Amino acid sequence: MPDIADRLKNVSVSASVAMTQKARDLAAQGVDVVGLSTGEPDFPTPDHAIDAAYAAAKAGDTRYPPTDGTPALRAAIQRKFLRDNELKYDISQILTAGGAKQIIFNAMMATINPGDEVVIPTPSWISYADIVKFAGGTPVPVACHEENGFKPLAADLDAAITPNTKWLLINYPSNPTGSVATREEMQAIADVMLRHPQVWILTDDIYEHLIYDGVTFWTLAQVEPRLYDRVLTVNGVSKAYSMTGWRLGFCGGPLPLIKAMSNVNTQNSGGVTTLTQAAAVAVLDGPQDLLKERAEIYRQRRDYVLGRLNSIPGVHCHTPQGAFYLFVNIAAFVGKTTAGGRAISNDADFVMALIEEQHVVTVPGAAYGMSPYFRLSYATSMERLQTGCDRITAFCTGCH
Ligand code: PLP
């Protein structure tokens, strides 16, 4: 059989995708599965987005789009960056692609040479490291411990940067921990980066609007304008507007980088679906009240699940202030045996046994580069969360 490319050798299948598939398989067998692994909102896409897409289709907006994005959409993104982030980007500094994921992919493909390193505060979204490897680079994780709110210490960040470092990737609110960087913490990151002028910085702001407890969202180029020429500010409509299936991500950044990324874009895509672009203009320019209303519902769910989990002996979970994930510490269960007789020697064992014995699907911390934890998504109904918490409690209390 002909060969598969070497560049795929170290690239793994996303563990959260694998877990979600496991949940689907069990459900197809008729099992009542509580799926808490998926990283997507359970709310519907706003009607005005759907209406705009329909109107665009009816009006004949069904031809090849400009690859970088329609002028109308790039202008809406320009307004969004100014309104939400105090960032001024010229239209030429704005690029769209099929999701924030593709934006990140394009950025890495446009810049990474063999031997280049990419510093990634960890735990982190699974895809960062794999995209870096795909592009031929080396991911360099910087451990961010629970006692520091899963955020990097400036000294650790500084120590990880070498002459080979090409990028720093940051993500607040974070997947998988839900941690949010304060303005001071963002400034501390900026201060480190000012000392390393050869490094680009990508800020993945996809969970910007999922933020609780009155906390303010800050993005790096806003906090430190001296980094403006080195920061790629990445965002999208997936999480904020419940539009994961529409596939639109966008970014603002320095022109030379945007031009290089645009070059990648023209080779790996024909641009984002025209109807999606019309829908995105509608949500970016439309009423924003739904963001706060939905954030309040997420907060109530967070509080409920957090309270339930922290009341289970041996389980410990820090309080996240953003996104819709809990990153749960299960160190106390390593070395124990489940009620069903399964030995738990790490978080993957824990998560697998929880699926087998209680049909609750989560993702092991190992998939995000830190153990022993599991990630739980609370982007699902309160009723399912209650059932999930009941089952997790039964599972944990049955371990001995
Ligand atoms: N960035 C982070 C941190 C994510 O968790 C995800 C999705 O899970 C994405 C980006 C992907 O966003 P998009 O749907 O825009 O590709």
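**Note on the predicted model: ligand site, strands and rings**

1. A backbone N or O atom of alanine 100 lies 2.6 Å from an oxygen atom of the ligand. That is a polar contact (a pair of N or O atoms within 3.5 Å; within protein, one must be able to donate a hydrogen and the other to accept it, and residues adjacent in sequence count only if both atoms are side-chain atoms). For tyrosine 207, an N or O atom in the side chain is 2.8 Å from a ligand oxygen atom. In total, 13 residues surround the ligand, and the closest are Ala100, Asn175, Asp204, Ser238 and Lys239. Here a residue is near a molecule if one of its heavy atoms lies within 4 Å of it.

2. A word on the basis. This is a predicted model, where local features need pLDDT of at least 70 and side-chain atom pairs count only at pLDDT 80 or more, while totals for chains, interfaces and linings use all residues. Residues are numbered from 1 along each chain as its sequence is written, and side-chain values use heavy atoms, with hydrogens and water left out.

3. Look at strand 3, residues 117-122. Strands (E, at least two residues) and helices (H or I, at least four) are DSSP runs, numbered from the N terminus. Is strand 3 enclosed or open, and why? Six of its six residues are buried, so strand 3 is largely enclosed by the rest of the structure. Buried means under 20% relative accessible area, exposed over 50%, and partly exposed in between (1.4 Å probe, protein chains only). In a regular strand the side chains alternate between the two faces of the sheet. On one side sit Glu117, Val119 and Pro121; on the other, Val118, Ile120 and Thr122.

4. Now its partners. Two strands pair if DSSP finds at least two bridges between them. Strand 3 runs parallel to strand 4 (residues 138-143), joined by six bridges. Valine 118 stands opposite proline 139 there. Between these strands the chain passes through helix 5 (residues 126-134), and this β-α-β crossover is right-handed. That means a clockwise path from the first strand over the helix to the second, with the strands pointing away from the viewer. Strand 5 (residues 165-170) also pairs with strand 3 in the parallel sense, over three bridges. Glutamate 117 faces threonine 165 in strand 5.

5. Strand 12 is joined to strand 13 (residues 373-377) by two bridges. Proline 364 has phenylalanine 374 as its bridge partner.

6. Check the rings. Rings of Phe, Tyr and Trp (its six-membered ring) pair if their centres lie within 6.5 Å; planes under 30 degrees apart count as stacked, over 60 as edge-to-face and the rest as tilted. The count comes to 18 aromatic pairs. Phenylalanine 81 and phenylalanine 250 have ring centres 5.7 Å apart and planes at 80°, so the pair is edge-to-face. The two lie 169 residues apart, in helix 3 (residues 71-85) and strand 8 (residues 249-252).
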